[in-house]
Amino acid sequence: MSKLTSIAFVLVSVAAAFTAGRWAAPQAETSVLSTGNSSFTPSLLTGSCIAPSLPPVVVKTPAPFEGQSVDELNKKFADNKKRIPSAATQDEQQHLLEALAAIDPQAAMAQAQQLKGDRQAQAVSAVLTVWGEKDPQGAWAWVESTHPENIYQFDQLLEVFGRNDPEAAARYATSLAGTHPNLTQEVYLSALMGITHAGGYDTARQLVESANISAEDRATLMNYVAGAWATYEPQAAMQWVMAQPSDLQTSALIGLGESWSNVDPQAAANFASKLSGPQRQLLLQQSISKWLMDDPVAASNWLSAAENHQDYDQAIQKVATMPNVVRDNPQTALAWSERIYDSSLRVNTLQQILGEMKQKDPVGAVSYARAAPNLTAAQRTQLITALDGK
């Protein structure tokens with residue numbers, strides 16, 4: 001695995017682990033968090049946000065409970081708790097808490113905390129979301145005073161702020177990262193998830209560029225923003241990435257390529273072909289791999305017409321080892337393998353192809369192994385030995 005491929009794996013793994021369920025809960029913290037010493041400059045986020053590509057996730061108050069008073073909602077909640085638990089009663093309970101949170105979040109939180117187990121965690125999360133939308137400062141202060149060690153709740157609020165008030169998200173993320181430097185990536189990612197979900201890619205870009213963070217953290221955040229942005233506006237994301245200094249561009253390119261390949265692998269491949277060095281190889285591998293899944297004929301034709309260059313090795317290897325090609329057209333697979341520059345990769349690819357070919361044509365497989373072009377005698381012996389062992 002190349003160094004650049006290793007970096008790609010780490011960056012994608014970090015983002016995937018975070019978005020799938022956040023990282024492992026941190027050790028308990030006892031310090032109270034404050035936004036009073038934030039170094040964030042509000043003017044850095046005055047640029048207008050682009051039109052959202054996805055609508056913000058907003059908890060809507062169910063119509064049956066709109067306009068009802070705190071006392072009425074509290075009474076209905078108490079009545080609900082007396083009923084036999086069911087999916088219906090739990091749904092009603094959730095709606096009641098959300099309606100109550102919209103007018104009296106502290107009362108809603110008090111009710112939510114009376115529940116047990118998973119229901120309590122779900123209810124507290126729902127109330128905190130509504131509270132964060134209605135009163136960011138109040139919601140943040142509640143977590144500070146009652147659960148300062150619960151980083152997940154701070155993460156949740158940062159994501160809510162990002163969807164509704166990007167400047168507040170940036171301000172609180174900056175403060176939280178200042179008091180918890182070991183969680184810098186996590187807290188900024190929480191804010192950025194909300195901001196990008198609401199379509200504020202330009203705002204996200206400015207936050208990452210202006211944050212007082214390490215180069216490593218900035219690279220990871222740029223990887224995330226580039227990936228989120230490229231899912232909906234790949235050309236704009238590409239222009240931003242290509243304007244970055246070389247030490248940050250690599251990680252951003254990885255995020256860009258991963259997402260762009262998912263939405264338009266041909267355009268991503270065309271872009272990758274104009275790059276140079278290991279970046280081109282990685283992005284070509286990303287785009288061609290996805291393109292082969294979507295349209296193997298078009299991807300193969302594009303690659304067939306591409307220049308002969310080692311940067312295309314990984315992409316060509318993907319074509320050469322496609323199961324249907326190896327199974328039904330081994331000679332075509334072998335022809336593809338001969339375009340691979342890296343001899344070790346070529347040998348590994350040939351082992352896969354010839355191993356499958358041996359099932360139907362053992363003589364032909366051994367014959368090819370003995371005369372395989374552009375290999376050393378030792379490598380040909382390696383192929384034959386591998387075939388003998390199958």
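Trp140 counts as buried in this predicted model, because its relative accessibility is 3%, and buried means under 20%. The residue belongs to helix α6, which spans residues 136-146. In sequence, Trp140 stands 32 residues from Tyr172, and the C-alpha atoms of Trp140 and Tyr172 lie 8.8 Å apart in space.

When contacts between residues at least 6 apart in sequence are considered, 63% of them join residues at least 24 apart. The accessible surface of the chain is about 18100 Å², and carbon and sulfur atoms account for 51% of that area.

The packing of the helices can now be examined in pairs. Two packed helices are described by the angle between their axes and the distance between the axes. The crossing in which α9 passes α11 is right-handed. On the α9 side, the contact is made by Thr184, Gln185, Tyr188, Leu189, Leu192, Met193 and Thr196. On the α11 side, Glu216, Asp217, Thr220, Leu221, Tyr224, Val225 and Ala228 take part. By class, the residues of this contact between α9 and α11 comprise 8 nonpolar, 4 polar and 2 charged.

A further pair is found towards higher residue numbers. Helix α20, residues 343-360, packs with helix α22, residues 377-389, at an angle of about 30°, and their axes are 10 Å apart. With the angle described in this way, α20 and α22 are therefore roughly parallel to each other. The crossing of α20 and α22 is right-handed. From α20, the contact draws on Ser343, Val347, Leu350, Gln351, Leu354, Gly355 and Lys358. From α22, the contributing residues are Gln379, Gln382, Leu383, Ala386, Leu387 and Asp388. The contact of α20 with α22 divides into 6 nonpolar, 5 polar and 2 charged residues.

How values were computed: Residues numbered from 1 in each chain as written. Predicted model: local features only at pLDDT ≥ 70, side-chain atom pairs only at ≥ 80, totals over all residues. Heavy atoms only, no water. Contact = heavy atoms within 4.5 Å. Areas by Shrake-Rupley, 256 points an atom, 1.4 Å probe, with all protein chains shown as cover. Left-handed = near helix turned anticlockwise from the far one by under 90°. Helix = DSSP H or I, 4+ residues; strand = E, 2+ residues; numbered from the N terminus. Nonpolar A, V, L, I, M, F, W, Y, C, P; charged D, E, K, R; others polar. Buried < 20%, exposed > 50% of the residue type's maximum accessible area, 1.4 Å probe, protein only. Axes fitted to C-alpha atoms, helices over the stretch in contact; angles between N-to-C directions. Parallel < 35°, antiparallel > 145°, perpendicular 65-115°, else oblique.
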